[in-house]
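Please read the points below alongside the sequence and the model.

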Amino acid sequence: MRGYAVAPYAVTSTVKTAAAGQPTNITVTTTDGGTRIRLSGTIAAGARPLLRTAPVTDPAAFGRTALIEALARAGVRVTADPAGPNPAARLPRDYEGRPRVAAYTSPPYEQYAKLILKVSHNLGANLGICLMAVSAGSSRCEDGFPVLAAFLDRAGADRRQVELMDGRGGNPADRATPRALVQMLAYWQRTPDARRFREALPVLGVDGLLAGNCRSCPARGKVFAKTGAAVGGDALNDRLSVGAITIAGYLDKGGGRYDTFYAGVTGAATPTANPEDILSISNDLALIAAYLQESP
């Protein structure tokens, strides 16, 4: 898929390459309302790919600009300044009776859910709560939680063992026990969407966040699992604090049998502030999943 720059967004980088084995530490800063994005820091030679994001502070303006520029690439002349103000007052109250010139139909939600699960698309996970609210006739995202609560009750998951303040699990109050996670995984196995849900998860050694793990081990392609991490800084000791790094999903044991599993590290710390240490923990958990799949 080809990407396009959107005015007035611009990215500059002063990141320097450090020697192999040295810390990788890249910082993202934004100015001018988030339209000027600057990368700084160091990345070690031979280091794994590193993902960093910068928030779009004005999604409506960003979407308007992207649409105008896309129309121009398609040969449609638009007189409005792509990066100028949005004259919303000039829009009609409704479009009843006006000719339709274009329409966009969103793909099925299952495709978006697959994206969320494969790469831990956290904004998409938060949006899921909002979409639940819409399904209940509300435009308030927090009204999605009763919808989720009702689902967990139907699924047979003990809701008392889950605490949530968002959809991504990134709020400090968010909690879920291994038992609750396995109960949810077991529920999906009993539904007609079992295979669809399972294959939407990262697959060990194949795709998603597990694509780079265990690429040559016997368990490759036989572990379907979602990873998660809650990690913060420990400036006092110049290291990283590991609240939790977990993995949960299904083990393909052959003959149509899929065992649910959970493994995690909690309340730990890395030896240094190098993010590579976090990847090392994640890799260990992926190997544990592989050993579980390979065991009798």
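1. In which helix is Lys 118 found? Lys 118 belongs to helix H2, which spans residues 109-119; helices (H or I, at least four residues) and strands (E, at least two) are DSSP runs, numbered from the N terminus. The model is predicted, so local features need pLDDT of at least 70 and side-chain atom pairs count only at pLDDT 80 or more, while totals for chains, interfaces and linings use all residues. Residues are numbered from 1 along each chain as its sequence is written, and side-chain values use heavy atoms, with hydrogens and water left out.

2. Is Lys 118 buried or exposed? Lys 118 counts as buried because its relative accessibility is 9% (buried means under 20% relative accessible area, exposed over 50%, partly exposed in between, with a 1.4 Å probe and protein chains only). A polar atom of the Lys 118 side chain lies 2.5 Å from the backbone oxygen of Leu 201. Residues touched by Lys 118, not counting those up to four places away in sequence, include Glu 199, Leu 201, Asp 207 and Leu 209; contact means heavy atoms within 4.5 Å.

3. Strand S4 (residues 36-44) runs parallel to strand S1 (residues 10-13), and 4 bridges join them; two strands pair if DSSP finds at least two bridges between them. Within this pairing Ser 13 stands opposite Leu 39 in S4. Strand S2 (residues 16-18) also pairs with S4 in the parallel sense, over 3 bridges, and Lys 16 has Thr 42 as its bridge partner in S4.

4. Strand S3 (residues 25-31) is antiparallel to S4 and is joined to it by 7 bridges. Here Thr 27 stands opposite Ser 40 in S4. The hairpin of S3 and S4 has 4 residues between the strands, and Asp 32 takes a positive phi near 50° in this hairpin.

5. Thr 24 sits in the loop between S2 and S3. Thr 24 counts as buried because its relative accessibility is 5%. A polar atom of its side chain lies 3.0 Å from the backbone nitrogen of Ala 44. Leaving out residues up to four places away in sequence, the contacts of Thr 24 include Thr 42, Ala 47, Leu 50 and Pro 275.

6. Thr 24 also lines the largest cavity, together with Leu 50, Pro 275, Glu 276 and Leu 279. The structure holds 1 cavity of 30 Å³ or more, and the largest cavity contains about 30 Å³ of space. On a 1 Å grid over the protein atoms alone, a cavity is a set of points where a 1.4 Å probe fits but cannot get out, and a pocket is an open set with protein on both sides within 12 Å along at least five of seven lines; lining residues have an atom within 4 Å of a point.

7. The second largest pocket contains about 640 Å³ of space. Of the 15 residues that line this pocket, the closest to its centre are Arg 64, Ile 68, Val 78, Ala 80 and Leu 91.

8. The peptide bond from Ala 7 to Pro 8 is cis, with omega near 0°, and Pro 8 lies in the segment before S1. Ser 120, although not a glycine, has a positive phi of about 55°; Ser 120 counts as partly exposed because its relative accessibility is 24%. Asp 238, likewise not a glycine, has a positive phi of about 50° and is exposed, with a relative accessible area of 55%.

Definitions and conventions. Grid points are joined across faces, edges and corners, and a volume is the space filled by probe spheres set on the points. A polar contact is a pair of N or O atoms within 3.5 Å; within protein, one must be able to donate a hydrogen and the other to accept it, and residues adjacent in sequence count only if both atoms are side-chain atoms.
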